[in-house]
Amino acid sequence: MSGWMSWFGGKKDTREGARDAIVGLRQQLLMLEKKEEHLNKKIEEEMKKAKANATSNKRLAMAALRQKKAHENELDRIAGTRLTLETQVNAIESANLNAETMVAMKKGADALKGIHSNLTAEGVDATMDKIREQMDLTNEISDAISNPVGMGIVLDEDDLKEELEALEQEQLDDRLAGADRVPSHVPTSPVGVGQSAGRVTAQAEEDDEEAQLRQLQAELAM
């Protein structure tokens, strides 16, 4: 617990100690790597010596193999030591990262506390209400400015429709009245020819009236 408190208290000795420990461990790891390289070379040399004397000098070959085995055992111990050191380095780095993270989080919490010290939920709500009121006022002013002078009169759509229907009926009455005014006098003509021509003319006028009436009905239906 005291170790964590030293981190939050801002002491540098713990962090510096962690860095020094990591540096020392990594230096030891480098030394062990060089030792491993040296042992691997010695193992190769002893193996070559054993092969060279396998038939000519068995005693020397056995001695080379025993030396090779000793080097291999030492190599295994070094591998185990390296694993331990690497695990320790990782643990220190992880602890160091966690501690630094906690320090950063504490600073963030303090900063938030300082920011919120002058803020309350009621104050924020009041400010937002004022902003909404001003925005509504702004919209009303914009609408008033954008509305041309004299265009604020509200028109009754029903009155306009009634007036339009009256105009349509007036036009229909005028056209029907014009269709009723057909010439009543038919010029005299020879017997038979005059009567036939009169019937053709009357039929043509009747057809023309019906066509005008259908056209007018179609226009009114649109």
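A helix here is a DSSP run of H or I with at least four residues, and helices are numbered from the N terminus. The model is predicted.

**Whole chain.** Select the protein chain. It has 6 helices and 0 strands, so from the N terminus on the elements read α-α-α-α-α-α. Of its 222 residues, 14% count as buried.

**Helix 2.** Select residues 13-52, which make up helix 2. With 40 residues at 1.5 Å each, helix 2 should span 58 Å, and this agrees with its end C-alpha atoms, which are 58 Å apart. Now show the side chains of its buried residues: Arg15, Ala18, Ile22, Leu25, Leu29, Leu32, Glu36, Leu39, Ile43, Glu46 and Ala50.

Helix 3 (58-116) and helix 4 (121-146) each give two or more residues to the patch. Helix 4 gives the most, with 4 residues. Stop at Val124, in helix 4. Is Val124 buried or partly exposed? Its relative accessible area is 39%, so Val124 is partly exposed.

Where is Asp158 placed? Asp158 lies in helix 5, residues 157-180. With a relative accessible area of 49%, Asp158 is partly exposed, because exposed means over 50%.

Note on methods
Residues are numbered from 1 along each chain as its sequence is written. This is a predicted model: local features need pLDDT of at least 70, side-chain atom pairs count only at pLDDT 80 or more; totals for chains, interfaces and linings use all residues. Side-chain values use heavy atoms; hydrogens and water are left out. The expected span of a helix is 1.5 Å times one less than its number of residues. Buried means under 20% relative accessible area, exposed over 50%, partly exposed in between (1.4 Å probe, protein chains only).
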